[in-house]
Amino acid sequence: MSQEDLYRSGVQAFNAGAFERAYEALRTLSHPQAAHLAAISAQKTGRMSDAADLFLKASKLAPADPNIANNFGHFLFSTGQLEAAAKQFSIALESAPNLAPALIGLAKIEAQHKNWDASGKLYERVLEASPTSMVGQYGLATALLETGKANQAAPRFERVIAKNRSPEAIFMLGRTRLDQGKQEEALSCFRDSYALAPSEHAFRNLANLLWMQGDTSAFDDLVDAAPAELQSLAVTLLTESGQLERAQRKWESLYSARPQDVSAWLLKANIARAQQDAEGLAGAADGALALDPQSPSALDARIVADLMLGRPKQALERVQPLRRAAPHSQHWIAHEFTAHRLMGTENAMLDLDQFIGVYDIAAPPGYASIEAFNAELETALKTLHSFQARPLNQSLRGTGTQTTLSLSDVDHAVINTYVQALHAPIQDYLSRIGRDPAHPTAARNRDTYTIKGIWSILLRGGGFHEPHVHPDGWISSAYYVTVPAETKSAADRAGWIGFGTPPYKLPEGAPETKWICPQPGRLVLFPSFLWHGTRPIADQAERLTAPFDLIP
C-alpha cells in the first residue's frame, strides 16, 4: 500500500473511531497530520510513550500548526507537564489567537498555580471567542469566586447549571452562596451536589457547614450514613469534631485486621495524635512507613511521635531531607524548630524575642482614638460572623466562630482602613528581622510583602486556639479588636497567646512557652512556622481578632 493510501486509510479509520487501525496506518508516515492523528490515536489506546514521540514528531514537521500545538499541549497537561504544555498552548495562540481550546488549556494551568486573575482573563478571552462556551463560563466563575467576587460568580454558575445540572457546578454555586452569606442556599447546593455524586469535597463541605450551623444531629446522621467509599473521610470528620471514641470504633469496624493500606494507618495516626497517644502514633506511623517509606504524612506522624517520646535527634534526622525538598514548608520548619528546642541546640530560629514583634497601633486618620476605630471595626466584623460553631479543620476549639470569606475581599471602609493601618508595623517588622540566611523567615525577606488572606475569629466563653502553624504563610499575625477586661489581670493568662509549644505533649522539662498579653489595638507579628495557641478565655467573655498571613 502506498503512503498516500496508508494516509487515506488511516484518516478514515480515525474518523470512524477505529484508533487502533488509525495508529498502525499513520505512525510511520512523515507527514505532520499523519503524525498528529497517530499521536491522538496512540493516546486514546493507552500508548502514552508513543503518543509523546508522535506529538513531538508532528510538531517538528509543522512547528506553527495551531491544532497540533494545542493537542500536544493538552496531552502534556494530562501527564502533568505544565510548563511544556503552556509552551505549546502559546505556540498555538501565536497562529490562532482566538483558539478556545488553547486558551482554556492556559487558563487551567494558571488555575493549577492559583494565579486566579490570569486564569480569569484567559477565560474572558474564551468567552469573547465562544460566547456560549460553558467551559468558559465555569472557568471564569471559578476565577471570580477565588478572587472574592462571589456576586459576579453566582450568575455565571447559575447559567452553567441551567444547561447542565452537574454536581461539580452545583457544589461551586454552594461555595459561592456561602461567600455571599447565604447559608441556607449553600446548604441546599451542597445537599444537591452530594445527592447527585457523593464526592469527598461535597461530603466534607456539607458536613462542615452543618457543624458550623450547630446542627450536630444532622452532622452525625450524615457521617453515620456515609457510603463505603467515604467511610475513611467519616473517620477524619469524627476526629476533627473531637468524637475520638466514635472515630476509633469506626476505624476498628473498617480495619479489624492489620490494614495493608497506607491511608488506613494514617487515619489511625490522626486519632492517636488527637488522643495524645505517643506510642500509638509511633505504631501507626511505622505501619504506614512499612508500606510507603516516602509518605510525607507517615513521616510527619513518625516525627511527631519521636518528639513526644523525647527523641529530638531522630526527629531532626527525619525532617532534614523533607526540609531540603521543601525549604519553605512552614510545617517542616516547625518540627525542626521543636527538635532544636528539645536538644538545646544553638539555632537562629529559636530567638523568639527578635522574631515576635508587638505593636500597639495608633488611631488611623479620621478616628479620635484607637478605641473608636476598634468599635467601628467590631461592628463591621461581627456582621460577618453568621455561624454558630467553629469550622472543623482549623485551630479554633471550644466556643467560637471564624469567617469563611477573606476580609480583603470585603469592600467596607473600616476594613479597608484596617488593611492600610497594617503597612507601617509590617515594614518595621521586616526591618527588624533583617535578612539572615540562616533563618527560614529572614532569609526570604526582601522588605516587600503580599497579604495572602485576612479573616476574623470571634471567641466566646471558654473558646481557645489549639497550637498550630500556618503552612502556606511566611509571616503570620494576631490583631486584637476586642479583648475581655479580665485578660490583663488573669493569673492563668486567660486569652493570652503563647509561642513555641506544639499541640502535642512534649517530655518533662521542655522549654517554656513565650506569652504575650493581648489588648485592643495590639498587633503581634511572628514567623508562620512558629507554633502558637491561646489559653481559653473566661466563661462569659468574648474576644474578637482579625489575623492575616503574609507571603514575600
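User: In which loop is lysine 114 found?

Analyst: This is a predicted model, where local features need pLDDT of at least 70, side-chain atom pairs count only at pLDDT 80 or more, and totals for chains, interfaces and linings use all residues. Residues are numbered from 1 along each chain as its sequence is written, and side-chain values use heavy atoms, with hydrogens and water left out. Helices (H or I, at least four residues) and strands (E, at least two) are DSSP runs numbered from the N terminus. Lysine 114 sits in the loop between α7 (100–112) and α8.

User: Is lysine 114 buried or exposed?

Analyst: Buried means under 20% relative accessible area, exposed over 50%, and partly exposed in between, with a 1.4 Å probe and protein chains only. The relative accessibility of lysine 114 is 62%, so the residue counts as exposed.

User: What is phi of lysine 114 near?

Analyst: Most residues other than glycine have a negative phi. Lysine 114 is a residue other than glycine, yet its phi is positive, near 60 degrees.

User: Which loop holds glutamine 276, and what is its relative accessible area?

Analyst: Glutamine 276 also has a positive phi, near 60 degrees. Its loop runs between α17 (262–274) and α18 (278–291). Glutamine 276 is partly exposed, with a relative accessible area of 26%.

User: How many residues does helix α8 have, and what span does it reach?

Analyst: Helix α8 covers residues 116–129, which is 14 residues. The expected span of a helix is 1.5 Å times one less than its number of residues. For α8 that expectation is 20 Å, and from first C-alpha to last the helix reaches 20 Å.

User: Within what arc do the buried residues of α8 fall?

Analyst: The buried residues of α8 are Trp116, Ser119, Gly120, Leu122, Tyr123, Val126 and Leu127. Seen down the axis of α8, they line one face of the helix, because their arc is limited. The arc is that of the directions from the helix axis to the C-beta atoms. The buried residues fall within 165 degrees.

User: What is the bridge partner of glycine 400 in β5?

Analyst: Strand β3 (residues 400–402) pairs with strand β5 (residues 457–460). The sense is antiparallel, over three bridges. In β5, glycine 400 is bridged to leucine 459.

User: What is the bridge partner of tyrosine 480 in β12?

Analyst: Strand β7 (residues 475–482) pairs with β12 in the antiparallel sense over two bridges. In β12, tyrosine 480 is bridged to threonine 545.

User: How much space lies in the second largest pocket?

Analyst: On a 1 Å grid over the protein atoms alone, a pocket is an open set of points where a 1.4 Å probe fits, with protein on both sides within 12 Å along at least five of seven lines. Grid points are joined across faces, edges and corners, and a volume is the space filled by probe spheres set on the points. The second largest pocket holds about 150 Å³.

User: How many nonpolar, polar and charged residues are in the lining of the second largest pocket?

Analyst: Lining residues have an atom within 4 Å of a point; among them here are Leu178, Asp179, Phe387, Thr403 and Val410. Ala, Val, Leu, Ile, Met, Phe, Trp, Tyr, Cys and Pro count as nonpolar, Asp, Glu, Lys and Arg as charged, and the others, Gly among them, as polar. The lining has five nonpolar, six polar and one charged residues.

User: What separates the C-alpha atoms of threonine 403 and histidine 385?

Analyst: Threonine 403 is found in the loop between β3 and α24 (413–421). Threonine 403 is buried, at 8% relative accessible area. Threonine 403 and histidine 385 are 18 residues apart along the chain, and their C-alpha atoms are separated by 5.9 Å.

Key. Pairing = 2+ DSSP bridges.
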